[in-house]
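Open your viewer and get ready to click along.

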Amino acid sequence: MLHSALINVMVKAARRAGRSLKRDLGEIENLQVSLKGPANFVTMADRRAEEMLHSDLTKARPGYGFIGEEGGTRQGDDKTHTWIVDPLDGTTNFLHGIPQFAISIALQREDTVIAGVIYNPANEELYIAERGKGAFLNDQRLRVAGRRKLSECVIACGLPHMGRGDLELARAEMVEIQANVAGLRRFGAASLDMAFLAAGRFDGYWERDLQPWDIAAGQIIVREAGGIFTGITGNDDALKTGNVICGNEFIHDELMKILKPLAK
């Protein structure tokens, strides 16, 4: 399948960094039994992947800004374009050798995300989307699931860890959602949760306290697959608040009816 030059740049960068992460994943099992443990190794793998992405993307599009999880914001001469990158979404999964992690790359033009790539090098699943051109998984067109009843739906979510996020609110949200759905899932990589939703594997997704690099690529992939992506109050900018609800138009609205009143 032919892609635009922009998507080709993003895919090439993701695949190169992905090869590095896949090699690193192979070392995790051996490190699990070492005295030092794998944590420092994973941190280095994360940073190495980000530097590879920064190098490749900057070479292809000189002057674009760059926001990465590890390196923060790097200003470019072109103030209208910014790469938003998570080099290793699902770090805890990666740390434990669980092959549910991804590289997430988005390009923002002024205030609008115009392209996104999410790539899991462990299973070679590559999700792409460009504004107005649809979303794809390994060149197969994506469409969100069509279910309209929450009772038939599997919903993905995030679970805050102790000391991070509002545990009391998270518990209240889960109690309310759990009583209305067929199942809840927590897979540990926000970008892949949104990619799975775009592929029709999940029917809905919500999470709080995310960062722009967690959700920028997922946002456009969900929307280009026909899904709705908003903040939890409906009129907030999820890239700024970090609070997200996704689904088809029916499930998104049903989730919002439950979650919005719980938000303080």
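Start by selecting helix H8, residues 249-259. Its buried residues are Ile251, His252, Leu255, Met256, Ile258 and Leu259; buried means under 20% relative accessible area, with exposed over 50% and partly exposed in between (1.4 Å probe, protein chains only). Helices here are DSSP runs of H or I with at least four residues, strands are runs of E with at least two, and both are numbered from the N terminus. Now look down the axis of H8: the buried residues fall within an arc of 160°, so they line one face of the helix. That arc is taken from the directions from the helix axis to the C-beta atoms. An α-helix has 3.6 residues a turn, so residues three or four places apart point the same way.

A word about what you are viewing: this is a predicted model, where local features need pLDDT of at least 70, side-chain atom pairs count only at pLDDT 80 or more, and totals for chains, interfaces and linings use all residues. Residues are numbered from 1 along each chain as its sequence is written, and side-chain values use heavy atoms, leaving out hydrogens and water.

What do the buried residues of H8 pack against? Show strand E9 (154-157), helix H4 (167-178), strand E11 (204-207), strand E12 (228-230) and E13; contact means heavy atoms within 4.5 Å.

Next, select asparagine 248, which caps the N-terminal end of H8. One of its side-chain oxygens lies 2.9 Å from the backbone nitrogen of phenylalanine 250.

Move on to aspartate 203, in the loop between H5 and E11. Is this residue buried or exposed? Its relative accessibility is 4%, so aspartate 203 counts as buried. Its side chain joins that of arginine 147 in a polar contact of 2.7 Å, and also reaches the backbone nitrogen of valine 154 at 2.9 Å. (A polar contact is a pair of N or O atoms within 3.5 Å; within protein, one must be able to donate a hydrogen and the other to accept it, and residues adjacent in sequence count only if both atoms are side-chain atoms.)

Now colour H5: nine of its nine residues are buried, so this helix is largely enclosed by the rest of the structure. Just after H5, find glycine 200, with a positive phi of about 80°.

Finally, select Tyr127 and Tyr205, which touch the most other members of the largest nonpolar core, a group of 36 residues. Such a core is a set of buried Ala, Val, Leu, Ile, Met, Phe, Trp, Tyr and Cys residues joined through side-chain atoms within 4.5 Å.
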